[in-house]
Amino acid sequence: MADEDYDINDLKRRMQGALSVFKNDLAGLRTGRASASLLDPIVVAAYGSTMPLNQVATVSVPEPRMLSVQVWDKGMVHAVDKAIRESNLGLNPIIEGTLLRLPIPELNTERRKELVKIAHKYVEATKVAVRHVRRDGLDELKDLEKEGLISEDSLRVYSDRVQKITDEAIAEADRMLAAKEQEIMQV
């Protein structure tokens with residue numbers, strides 16, 4: 001038996017990767033407080049391609065309800081302004097030379113509910129990614145059993161382990177969603 005042919009840690013690592021992407025997506029949802037990570041998902045059309053905002057400007061939080069974006073290249077100011085306005089974050093930059101000020105408006109109940117819906121879309125995408133990893137792992141196990149490298153009993157034991165780590169990853173995503181939902185709905 002070559003039970004060491006199957007690496008369950010690789011599946012754990014891939015599921016953790018999906019969870020870390022989800023965590024980054026949640027960090028980009030605004031909750032009424034200024035956070036530099038709020039602008040992380042924004043990409044800017046710059047120099048003939050698209051670049052993350054943090055590669056063309058510096059984002060800072062000068063006060064609790066204000067973000068400032070210091071654009072490094074004066075020619076990029078309008079592209080950054082356009083990217084922020086089109087980001088669906090509900091922010092309207094005020095341009096002062098190469099500095100963009102972004103006042104963070106209060107979230108109304110309707111906008112909070114929209115943000116919760118977006119968070120639910122993110123968690124569904126994460127769960128789908130985790131389930132794809134599970135499917136890949138189970139397919140690999142079935143192939144190993146067909147080749148005679150693991151027994152039917154080992155297949156069952158490993159399949160149970162794969163399901164267990166899948167359930168843990170989905171439960172972690174649900175916990176992260178619940179915490180973010182509470183943070184969004186907090187007035």
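In the hairpin of β5 (94–96) and β6 (99–103), two residues lie between the strands, and G97 adopts a positive phi near 70°. Strands here (E, at least two residues), like helices (H or I, at least four residues), are DSSP runs numbered from the N terminus. The model is a predicted one, in which local features need pLDDT of at least 70 and side-chain atom pairs count only at pLDDT 80 or more, while totals for chains, interfaces and linings use all residues. Residues are numbered from 1 along each chain as its sequence is written, and side-chain values use heavy atoms, with hydrogens and water left out.

The antiparallel pairing of β4 with β6 extends over five bridges, and M66 stands opposite P103 in β6. A further hairpin is formed by β3 and β4, again with two residues between the strands. Five bridges join these antiparallel strands, and T58 finds its bridge partner in Q70 of β4.

Taken together, four strands make up an open sheet in the order β3-β4-β6-β5, with antiparallel pairing. Because β3 (57–63) and β5 stand at the edges with a single partner strand each, one side of each has no neighbour in the sheet. On average, neighbouring strands of the sheet are turned by 25° against each other, direction ignored. Helix α2 packs on this sheet, touching β4, β5 and β6, and its direction makes about 15° with that of β6. Axes are lines fitted to C-alpha atoms, for helices over the stretch in contact, and angles run from 0 to 180 degrees between N-to-C directions.

A closer look at α2 (residues 77–85) shows V77, V80, D81, A83 and I84 to be buried. Seen down the helix axis, the buried residues of α2 fall within an arc of 165°, so they line one face of the helix; the arc is that of the directions from the helix axis to the C-beta atoms. Buried means under 20% relative accessible area, against over 50% for exposed and partly exposed in between (1.4 Å probe, protein chains only). These buried residues pack against β1 (43–46), β4 (66–71), β5 and β6, where contact means heavy atoms within 4.5 Å.

The remaining helices can be described pair by pair. The axes of α1 (residues 8–27) and α4 (residues 152–185) come within 11 Å and cross at roughly 10°. Helices α1 and α4 are therefore roughly parallel to each other; angles under 35 degrees count as roughly parallel, over 145 as roughly antiparallel, 65 to 115 as roughly perpendicular and the rest as oblique. On the α1 side of this contact are residues including L11, M15, L19 and F22, which meet a set in α4 that includes V162, I165, A169 and M176. By class, the α1 and α4 contact has 14 nonpolar, one polar and five charged residues. In this count, Ala, Val, Leu, Ile, Met, Phe, Trp, Tyr, Cys and Pro are nonpolar, Asp, Glu, Lys and Arg are charged, and the others, Gly among them, are polar.

The axes of α1 and α3 come within 9 Å and cross at roughly 170°, which makes α1 roughly antiparallel to α3. Among the α1 residues in this contact are L11, A18, F22 and L26, and among their counterparts in α3 are A119, Y122, V130 and G137. The contact has 12 nonpolar, two polar and four charged residues. For α3 (residues 109–146) and α4, the axes come within 10 Å and likewise cross at roughly 170°, and α3 and α4 are therefore roughly antiparallel to each other. Their contact has 16 nonpolar, five polar and 10 charged residues.

Finally, G28 is found in the loop between α1 and β1. G28 is buried, with a relative accessible area of 4%. Leaving aside neighbours within four places in sequence, G28 is in contact with S37, L38, P41 and L89.

How values were computed. Two strands pair if DSSP finds at least two bridges between them.
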